[in-house]
Amino acid sequence: MTEQSFADRVSRWYEQNARDLPWRGPDVSPWAILVSEVMLQQTPVVRVLPAWEAWLARWPVPAALAAESPADAIRMWGRLGYPRRAVRLHECAVALVERHGGAVPDRLDQLLALPGVGTYTGRAVAAFAFGQRHPVVDTNVRRVVARAVAGEPDAGPTTRPADLVATEELLPVEPAAAALASAAFMELGAVVCTARSPRCAVCPVASVCAWRASGQEAPTGPTRRPQRYAGTDRQVRGLLLAVLREAIGPVPRVRLDQVWSDDVQRSRALAALVTDGLVEPAGEATYRLAGDTPAPVGQNLA
């Protein structure tokens, strides 16, 4: 089977079976697509859906977010996880206003130069927002290509330059068809060619899948060792950030000291929040979300 027909098969399947996700609509703006791609990093669709809708309702264009503070973005991010993404989205919005008149650029080099936009996100926006031909490679795509083309049961834990090359070789020449194929490869890996329970019976390329032909079984263990959460610095950072998100204005250090009993770990977690640009000192022994405005005189909601 040729590369062209491989993409055609997956694309036809996608057009009939793709999940109805709001950021895939024909009238969705490039900014809304960029926001969705940032939110979907390491976060399930079911959690992203309400957060994405609320974010775009408040900040439908980059200029709306850029006009507010990083603290507003962190609060709006809530418990979506990996809150540095909120700060980077705010920085991205500011850069879009300053460099591109408040619009998301369609050139890949300009996308990659934006804060928080890396190899995957830049190519995803170029393909899904502007219909361009770029290899859009996430974990799901790497798995599809590794299995169907290379005959491997999994693609490994990280994206390599070779993954971009292998995926690009499968894309149709015509840009719009290539963008459709990129979305289709991703969807196939997310809902059919899954890591532990692939649904080969309904896969549109099962008959030409090199891995299926090899007779190898799906891996039984995780590709990556699951990250422990309970008792980690990440958990402590989340507890500290929750207090600061719910407060208006600076929070006394003594209030933050109540969220975790280990003084050393708590101090380390707080220092990491400051280093990451999520929290900033606001006077002697007080802290606030980055860029937060002072509380009104006489008001202390901490």
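Modeller: Ala-195 lies in the loop that runs between helix H11 (175–191) and helix H12 (210–214). Helices here are DSSP runs of H or I with at least four residues, numbered from the N terminus. The model is predicted: local features need pLDDT of at least 70, side-chain atom pairs count only at pLDDT 80 or more, and totals for chains, interfaces and linings use all residues. Residues are numbered from 1 along each chain as its sequence is written, and side-chain values use heavy atoms, with hydrogens and water left out.

Biologist: Why does Ala-195 count as partly exposed?

Modeller: Its relative accessibility is 23%. Buried means under 20% relative accessible area, exposed means over 50%, and partly exposed is in between (1.4 Å probe, protein chains only). Ala-195 therefore counts as partly exposed.

Biologist: Which residues is Ala-195 in contact with, leaving aside its neighbours within four places in sequence?

Modeller: Arg-143, Arg-147, Ala-218 and Pro-219 are in contact with Ala-195, where contact means heavy atoms within 4.5 Å.

Biologist: At what angle do helix H9 (residues 139–150) and H11 pack?

Modeller: The angle is about 90°, and the axes are 7 Å apart. Axes are lines fitted to C-alpha atoms, for helices over the stretch in contact, and angles run from 0 to 180 degrees between N-to-C directions.

Biologist: What makes H9 roughly perpendicular to H11?

Modeller: Under 35 degrees counts as roughly parallel, over 145 as roughly antiparallel, 65 to 115 as roughly perpendicular and the rest as oblique. The angle of about 90° therefore makes H9 roughly perpendicular to H11. On the H9 side the contact includes Arg-143 and Val-144, and on the H11 side Phe-185 and Met-186.

How values were computed: Helices (H or I, at least four residues) and strands (E, at least two) are DSSP runs, numbered from the N terminus.
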